[in-house]
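Hello,

Here is the structure I promised to pass on to you. Please open it next to this email, and my notes follow below.

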Amino acid sequence: MGYNPDKPMDGRISDLGPPYYEQFHPPVIKENKGKWLWHEILKPGILMHKSETGAEVYTVRCGTARLMSIEHVREICDIADKHCDGFLRFTTRNNVEFMVDDKAKVQPLLDDLASRGNKFPVGGTGAGITNIVHTQGWVHCHTPATDASGVVKAVMDELFDYFTSMTLPAQCRIALACCLNMCGAVHASDIAILGVHRKPPMIDHSRITGVCELPLAIASCPLGAVKPAKATVEGKEIKTVQVNVDRCMFCGNCYTMCPAMPLADPEGDGIAILVGGKVSNSRSMPKFSKLVIPFLPNTTPRWPETVAAIKKILEAYAKGAKKYERLGEWAERIGWEKFFEECEIPFTDKSIDDYRLAYDTWRTSTQFKYTSHTAKYTA
Amino acid sequence: MGYNPDKPMDGRISDLGPPYYEQFHPPVIKENKGKWLWHEILKPGILMHKSETGAEVYTVRCGTARLMSIEHVREICDIADKHCDGFLRFTTRNNVEFMVDDKAKVQPLLDDLASRGNKFPVGGTGAGITNIVHTQGWVHCHTPATDASGVVKAVMDELFDYFTSMTLPAQCRIALACCLNMCGAVHASDIAILGVHRKPPMIDHSRITGVCELPLAIASCPLGAVKPAKATVEGKEIKTVQVNVDRCMFCGNCYTMCPAMPLADPEGDGIAILVGGKVSNSRSMPKFSKLVIPFLPNTTPRWPETVAAIKKILEAYAKGAKKYERLGEWAERIGWEKFFEECEIPFTDKSIDDYRLAYDTWRTSTQFKYTSHTAKYTA
Amino acid sequence: MAKHETPLLDQLESGPWPSFVTDLKRQAEKKPECWDILGQVELSYKDRITHWKHGGIVGVFGYGGGIVGRYSDVPKQFPGVEHFHTVRVAQPASKYYSTKHLRHLMEIWEKHGSGMTNFHGSTGDIILLGTRTEHLEPLFWDLTHDLNQDLGGSGSNLRTPANCLGQSRCEWSCYDTEECCHQLTIKYQDEIHRPAFPYKFKFKFSGCPNDCVAAIARSDVAVIGTWKDNIRIDQAAVKEYIAGNYPSNGGAHSGRDWGKFDIQKEVVDLCPTKCMWMEGGELKIDDKECTRCMHCINVMPRALRPGVDTGATVCVGAKAPILDGAQFATLIVPFMKISADNEFEELIEFIEKIWDWWMEVGKNRERVGETMQRVGLPTFLSIMGVDPIPQHVKEPRSNPYVFWKDEEVPGGFERDVEEFRRRHAA
Amino acid sequence: MAKHETPLLDQLESGPWPSFVTDLKRQAEKKPECWDILGQVELSYKDRITHWKHGGIVGVFGYGGGIVGRYSDVPKQFPGVEHFHTVRVAQPASKYYSTKHLRHLMEIWEKHGSGMTNFHGSTGDIILLGTRTEHLEPLFWDLTHDLNQDLGGSGSNLRTPANCLGQSRCEWSCYDTEECCHQLTIKYQDEIHRPAFPYKFKFKFSGCPNDCVAAIARSDVAVIGTWKDNIRIDQAAVKEYIAGNYPSNGGAHSGRDWGKFDIQKEVVDLCPTKCMWMEGGELKIDDKECTRCMHCINVMPRALRPGVDTGATVCVGAKAPILDGAQFATLIVPFMKISADNEFEELIEFIEKIWDWWMEVGKNRERVGETMQRVGLPTFLSIMGVDPIPQHVKEPRSNPYVFWKDEEVPGGFERDVEEFRRRHAA
Ligand code: SRM
Ligand code: SRM
Ligand code: SRM
Ligand code: SRM
Ligand code: SF4
Ligand code: SF4
Ligand code: SF4
Ligand code: SF4
Ligand code: SF4
Ligand code: SF4
Ligand code: SF4
Ligand code: SF4
């Protein structure tokens, strides 16, 4: 059978939801659910969980590009069929996990994975770098200020050794979002790569009437920079909008609401780096990422400035932080002025908040450390 | 000679400023300025400063009511003449200090002070309570929601032993302001006593035209609760204002700008208690005081509810805090939920911020301690 | 053979990390439209700008979500991606799959789409990346009929819920995250598929405060496991850690020589509440001071475990920065039983109370966290019927601007200014 | 004999703390208007409300500040306080007095006023509490001619500056607070006496980060002493502390048995930056990590002292909560030399730059801290010609909402949408 366009409602099924997860549990998981006692990371990328029944499950975690073809998914299935009784899972950060119920089955699995070139790097556990949570970029989205998959590939190539090892002071979570919508946890990542626009929207007067509801476009701007206006299109006066460019902070919300207000621009767009966020409640409460580099250009295809900046931050962190200390915890312990110094990041006014809760970030104390930034005051 | 009302400008002197301070330094101060090496608090209220010249100055600090008569000032002068070569000073917290340059002169001074009844209590140093910084209240101001001098007297009578001893974990600074204008450092005190209004302003339509500039009155309200309106006064329609009482937070700024909008009310007015502020940069950065008791009534003449609440907080702090820990540092260490529990203060929604920077105070974490407040969830 | 030259993208084929370019090229052998993906992305790399048009409203009949419409702005050059809609397919809880199921899904997608996917989207869906409008209904038919699987959410809907893998493979999970996620997803199919909200709404479920699905950062309702009794201690295992026989943090730090394990420095001193100490070789915890941050448990998984009286802390209102700045979710219910036994009744009641209110007062495109900010936390709590407790805040307010209500103040707000003037001359 | 019954106030005569009621009664013997003070305050105690009218514009000729007008709203009952203006008299720096000077001032006040005072007002002035309008000019005459003393500030003026006693009696003062306060007060007499500002403006001067005049909480410009070299350590004295021969914290904790002094717990562990440690019985400080919080120095005044290369940190914008909520002053200049040798030139230049700008852009009744919030800290810094440094903030911004300027972005803001459309079909 199949879909019949002439009778679209015939036999239609809806609101099924996802299939019930239990059918996908490998046997060792199904049998031991809720009975796990402890785990150990045997090697980077290899976890062992011990059950109170005595059972063990060995998980081998592999990086993926997330953007993957049918062929690639089938290759994953081949591996799982061969080693894992036909089961597998994906993590919340887009790694794929192969599970076996016996230590003896681990090495053959690893050998198989290794034989497949760079397609299944094993790692992403413990005090290292795991997969970069990311978004669509130029592969699919209409609002990006940078690409996603390409930047991730370039960064992960450079940080690869941190993926396959566990040498950092703590886990370090990197995320990328290609615009301020931040589809992902970029706002709470140890290192965040954020696509940013820097030019105000253009107004496509010739199209605005057809595609936008002007009141919505006007209301969309959090700073009230979008105002009603008039323009002449093909000799006719039409109602349109204008943007007070001095009040625009390039959030793109107007474009989301109104296709006739595109922002993207080759020179204007690029990447901001934010650091020091975290999600877990471990030790310290969740923290927002903080903007430390306001702009790096979209130097395709490998974004060398972005890659270098992240490497530098990561290495300074690896050197300076204490065991268990997340990047943001480290920066707070040494003080943000030291963070900028240690990472050799020039400080700019762009890192100083001037949005709604800005006052809470001003330094209202005499407590500070002297750094290169204060040199001219102490000369 | 003197002022001649017929020729007011004749011989007029202005812009002299204060007299030069140096003439008022006791000799030992003048000689050792900038040479002090260290100090020691010999007993509560008695400081010794040692100079590199070997000189010593002994300071005896006495509480005052701040509101004092000419007679009282003269009595202070008598004491200073007798013991201190005719010099004295006042501290930044309205204590009076008598200085002598020889240890032998201390006891006679103390004896003299003690002989004068309760007028010159010695204390206010180190890890104790010092004088309560306060304001005018019903003795002089037009906007108070409580009295100042009377509340201070009542509280200090109760806390007197903390003034004359040094048994607290750290200094504990109490301040009082009789309205939200907060003339003093109430917003940064270990314990703050704050006069608060709770009724919106009345509009005195019959007077408003004469005494207020309506646009200023309207603009004065931070929440836009004051709106233009019309009213009929003695048969004539006049321009006036009205208050959207649901948006009023009783700040009193409209009354400051417009005398025809009085707020004060015997039932509405009373005292809020804020705690945990500090000014010094010692250990932690300066902190704002936080509102923990939204309202206590003006029970004249001795404000027993206020006195009891402060006593309770102080005793819980004295019991719970570590050496050197200021009240706010203690509350933050144990968590504010524990603070409320230890001090047996009922928690109300009034302690939850809903003003401009409110979001930063919401608990965005799973980290919390179970207390009596959570009992119904864990029952 | 390549349909377009891709000199820039080709540079992304080298290096140790899996290459999406290589993968696309491989797929292009079977699915020629992949050449046009490569071609258009190459053009974006050259122009340093996206070549997708704004939006595009497409979908399957009767659903308001699940498909994101997309069209090329250079369709003539790349006709294979002229239409390039994504399909959000509801993922199974925890993202376990049988190969049988996955292969079947791939078969359907081979039939109807570009050949490219995302495993998974940031919200959690399986993303089938790129198809034409005319394929949508047939694809949906096959998905539901052949695979028993449905679309996920998009638009001003409940979005596809997601969870950490929980008890299925983690020793710390304080409730059954996958069961809860699944049941609520099924219960709210209508809310997922048909827009009725002011804006999007997300649930995420983590089994413990480590929050491996980043619920507190990304969900309007974050359900995060916790416990109310004491951390379970195995003192014998503590000794093994001290002796260096068990690796700290489950081996997470084994790649570097951090020196001998020091329980004092690594556990006791890092406890944020300082509620632990060593006594006679035993580790002691003053559990009533513990905020269940997980650190000590993380470091010594063989010695310490969460308590047995478990449930979840429920936080509300996380979101990305558009428009008022990012928000984490705020603690609203400190402890809630989360149990399939009563069909997650408490949680469901809680969620629906939020919706009833938010659907009424939420403005267009206002996330619930923003509505909470707009009305204020005290008002939100009172609407939810939740008593204010100090656990709701990090600290009490520092400004004195309290809104009193008429009925709270003796005598009320109404006063007589003339009577006042009789006692107070102006 | 009492002119009014004061049963409520009488209850404030007992107790160990000095009683303003007793004092008022004593003064009333000589100054009968004090009976009316007592009477009106008693009425307030009975009515639980103030009995002063709103404001009242009075002053001395040519001055816009220094007097706060006040009238009773029950003048018939208490004619002695019908007029009850206060006079703010400029206090000498550090508030030292000779009895000669004080007695003279009291004489003048006896002649012209109620007999009551405040030593001192919260800003720092001597407050002479309560006089009639017709006394103001004669009082001012006597003050200036006989006592060489002037009025302080009120209104939208520079308010009377104040300082901690600094080097005059404190070993920690990093600059001469009293000289600086005095010289600036003298320099700005015009700004103190004649309103030209959008609102009030305050200076306060503390000699070190202990901030004994609460500058950071209460002044638009807070000048707080600090140093740029190393803390001076006397290791011999450190040993005395360890041995228990010197009392910790200068004896400030001697009223309670806190146990033996423990340098590790009381100093090293409480250092907020953890930049201290013990080594071979000596105390070591890594000064480049020190934030000069004063804690260690406070605890061991005989062993530790601030460095010798001293100056001040200058913070801007503190204020009470009206209207936007209270503000502490924000660090603007990390280190500034404060010296009489160059007549405080740097500081003066800094202050005047603020004024020039604020007098232009400040709104009516907008404190400079509020203006700073309105325009944003980056803008304020650029107006002040101060390079942004990380020391200006506690942490970098967490939202991504950066204002770029046209000239900062290659190609600028101006673009041609038609040219764009040629490359991107709509
Ligand atoms: C598989 C996965 C859950 C899932 O449902 O897919 C998972 C699994 C585990 N997490 Fe996680 N976490 C997973 C995403 C997360 C996330 C979410 C994220 O990164 O987006 C977080 C929050 C990140 C953050 O705080 O910013 C997360 C914060 C933690 C923590 C807290 C660490 C900390 O000190 O802050 C722990 C505890 C630890 O590692 O000591 C933890 C611990 C664990 C343990 C050890 C739990 C256990 O006993 O099995 C698991 C193996 C850890 C490892 O890989 O090193 N997991 N974990 C996710 C793997 C992602 C990946 O492929 O790399
Ligand atoms: C006399 C006075 C300065 C003046 O110009 O008048 C003064 C004098 C001293 N202060 Fe102070 N402070 C004085 C008001 C302040 C204030 C302002 C206030 O309270 O309004 C503060 C900030 C309060 C706050 O943080 O909220 C203040 C915070 C300190 C600190 C920091 C304590 C802390 O741990 O936070 C110290 C250091 C210490 O005590 O260890 C200190 C230390 C000192 C020393 C030891 C300095 C010295 O070496 O001489 C002086 C004697 C302390 C004592 O009395 O125990 N002084 N001191 C003020 C006395 C007020 C009074 O009558 O009680
Ligand atoms: C596909 C996906 C990114 C990805 O590559 O994985 C995605 C893609 C889009 N998101 Fe998202 N969001 C995706 C997860 C998220 C997340 C993460 C999450 O759900 O955990 C967030 C942050 C959490 C949150 O909801 O706040 C997120 C926050 C946004 C926002 C900002 C919402 C806000 O309140 O601040 C927008 C803007 C909007 O709604 O107009 C947005 C809008 C969009 C739109 C629909 C673009 C738009 O302007 O309308 C994107 C369509 C891209 C495309 O061409 O397919 N997306 N979006 C994710 C959904 C896949 C899935 O279903 O699994
Ligand atoms: C007399 C004094 C209180 C006292 O008992 O000591 C005082 C009394 C008044 N203050 Fe004040 N302020 C006094 C120090 C302060 C301080 C403390 C300080 O200067 O260090 C503050 C907090 C710091 C600050 O400036 O922010 C202060 C913050 C206010 C405010 C709120 C200003 C703000 O920006 O938030 C107002 C309201 C106003 O200006 O309209 C105010 C207004 C007033 C007025 C003029 C009432 C009014 O509504 O116009 C009071 C006159 C009372 C009277 O009847 O005499 N007073 N006022 C203090 C001045 C004495 C002196 O010169 O030494
Ligand atoms: S982050 Fe922005 S550009 Fe990227 S997928 Fe989300 S909405 Fe699109
Ligand atoms: S980009 Fe954002 S700030 Fe700029 S006009 Fe559009 S909505 Fe307003
Ligand atoms: S705090 Fe308010 S009532 Fe008290 S003196 Fe200041 S302005 Fe007047
Ligand atoms: S008291 Fe404050 S909030 Fe209320 S109307 Fe007046 S100015 Fe507005
Ligand atoms: S959130 Fe907790 S329960 Fe869930 S996987 Fe992570 S550690 Fe395990
Ligand atoms: S869970 Fe966290 S707070 Fe509780 S004892 Fe362990 S480390 Fe301390
Ligand atoms: S601020 Fe510093 S210098 Fe001034 S008195 Fe206080 S401790 Fe001494
Ligand atoms: S002054 Fe403060 S930061 Fe510096 S060493 Fe001493 S305690 Fe540490």
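To start, how many nonpolar, polar and charged residues does the shell around ligand 5 have? It has six nonpolar, four polar and no charged residues. In this sorting, Ala, Val, Leu, Ile, Met, Phe, Trp, Tyr, Cys and Pro count as nonpolar, Asp, Glu, Lys and Arg as charged, and the others, Gly among them, as polar.

Before you read on, please note that this is a predicted model, in which local features need pLDDT of at least 70 and side-chain atom pairs count only at pLDDT 80 or more, while totals for chains, interfaces and linings use all residues. Residues are numbered from 1 along each chain as its sequence is written, chains are lettered from A and ligands numbered from 1 in the order in which they are written, and side-chain values use heavy atoms, with hydrogens and water left out.

**The ligands**

The residues that surround ligand 5 include A:Cys141, A:Cys178, A:Cys179 and A:Cys183; a residue is near a molecule if one of its heavy atoms lies within 4 Å of it. A:Cys183 also turns up at ligand 3, where its SG atom is the single protein donor to the iron atom, 2.2 Å away. Donors here are N, O and S atoms within 2.8 Å of the metal (3.2 Å for Na, K and Ca), and water is not among the atoms, so sites may look incomplete. You can find A:Cys183 in the loop between strand E7 (174–177) and strand E8 (191–196) of chain A. Helices (H or I, at least four residues) and strands (E, at least two) are DSSP runs, numbered from the N terminus.

C:Cys212 sits in the loop between strand E7 (203–206) and helix H8 (215–218) of chain C.

Around ligand 11 you will see D:Cys164, D:Trp172, D:Asp211 and D:Cys212, among others. By class, the shell of ligand 11 has six nonpolar, three polar and one charged residues.

**Chain D with chain B**

Here 134 residues of chain D are in contact (heavy atoms within 4.5 Å) with 133 residues of chain B. Together the two chains bury about 11,700 Å², 60% of it on carbon and sulfur atoms; buried area is the accessible area (1.4 Å probe) that two parts lose on being put together, summed over both. D:Trp17, D:Arg48 and D:Arg169 supply 9% of the area that chain D buries against chain B, more than any other three residues.

There are 14 salt bridges between chain D and chain B, each a side-chain nitrogen of Lys or Arg within 4 Å of a carboxyl oxygen of Asp or Glu. One of them joins B:Lys323 and D:Glu266 (2.8 Å, N to O). Helix H4 (residues 99–112) of chain D gives the most to the side of chain D that touches chain B, with eight residues. That side has 56 nonpolar, 47 polar and 31 charged residues.

**Chain C with chain B**

This contact takes 61 residues from chain C and 66 residues from chain B. The buried area is about 6,200 Å², of which carbon and sulfur atoms give 63%. Eight salt bridges cross this interface, including the one between C:Glu289 and B:Lys369, whose closest N and O atoms are 2.7 Å apart.

Happy exploring!
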